[in-house]
Amino acid sequence: MDSRFVVLYIFCCYVRCTDDIGVVQTINYVGRTLPSSNQTMPQCSKKKSTSSYILLPSHGMTSNITHPITKTRYFTKDFSNNGTRTCYGRVAFVNNPLHTLSVLEPLEQDGCKNRKRATVVESSKQKSCFVAVNGGFYVPETNECLGNIVSDGRLVKMTPGLRNVHFGIRQDGSLLFGYLSTEEIENTRNPFVQLISGIGWLLRNGTVYLEESKRIECDSEWSAKEIFGSKSGRTVIGSDVDGRVVIVQVDGKTHVSGVTLKEMANFLIELGLVNAINIDGGGSSTCVINGKRHTYLG
């Protein structure tokens, strides 16, 4: 039996896993529009964190693994509408996320504790990942992982007072998008099995939620300009109407190429997503498929 994953790696990559043989179906979408990181996370620890989130059922919460585990597509998209800013990216639709998706630490277990730094390719070897992307934020000078992190049921990092957006999977298989209090993260009745922090809630129940997100999250000048306003490479995690987790990665370099978060949010609606958060970006936005990097800097 082939134990393969599609996993989320802390500031390094996302990956998926299953105990059954999995099949990756890759479709080339070049030429057609489909219907990190060196960035540190602004932390508003002086302001009390509150809960504001949505909880929804995931695909295959109680069923057996649905094959293929993930369908991965390549795409090109002209965000200028005149051919002057064409971006390249990948989108992966993941079935049965409770059983097939993990948030992993860089390189190995306790990678955050030991301040490890590793590439997405290196970290994807932990679980022979089908698909792996970078996710989460860290301090480049110290390699410290930032935010709230749960990996396969283990609490890796807790940051009291953090007002950044989260993506998580609870023990009952439900998907969570939104803002969490410390009490919610420590909930033992239906604990998190996976949890990662991001910056920017892009879609909430099918509607662009960026302006509301800016008001809730850190309102520093750096955060507004560097995260919400600039074009850059992007790594996003979300869900569709069927409860599948959807991972979208767009190539780019901050201020040089890529997309703004508003452009990304509108594009995610075209792809069929209804909820999504931004989990990384810039030149570190990376996608690895079957152990090989499929990312090109703009």
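Cysteine 287 is buried, at a relative accessible area of 3%. Buried denotes under 20% relative accessible area, exposed over 50%, and partly exposed the range in between (1.4 Å probe, protein chains only). Cysteine 129 is likewise buried, at 5%. The structure is a predicted model, in which local features need pLDDT of at least 70 and side-chain atom pairs count only at pLDDT 80 or more, while totals for chains, interfaces and linings use all residues. Residues are numbered from 1 along each chain as its sequence is written, and side-chain values use heavy atoms, with hydrogens and water left out.

A disulfide is a covalent bond between the sulfur atoms of two cysteines. Here it was assigned to a pair of cysteine sulfur atoms within 2.5 Å. The count is one disulfide. Cysteine 112 and cysteine 145 form this bond, with their sulfur atoms 2.1 Å apart. The pair links distant parts of the chain, 33 residues apart. Cysteine 112 lies in the loop between β7 (101–104) and α2 (120–124), whereas cysteine 145 belongs to strand β10 (residues 144–145). Helices (H or I, at least four residues) and strands (E, at least two) are DSSP runs, numbered from the N terminus. The torsion about the S-S bond is about -90 degrees, so the disulfide is left-handed. Both cysteine 112 and cysteine 145 are buried.

Proline 57 sits in the loop between β4 (52–56) and β5 (70–78). Proline 57 counts as exposed because its relative accessibility is 56%. Its C-alpha atom is separated by 9.8 Å from that of isoleucine 169. Along the chain, proline 57 and isoleucine 169 are 112 residues apart.
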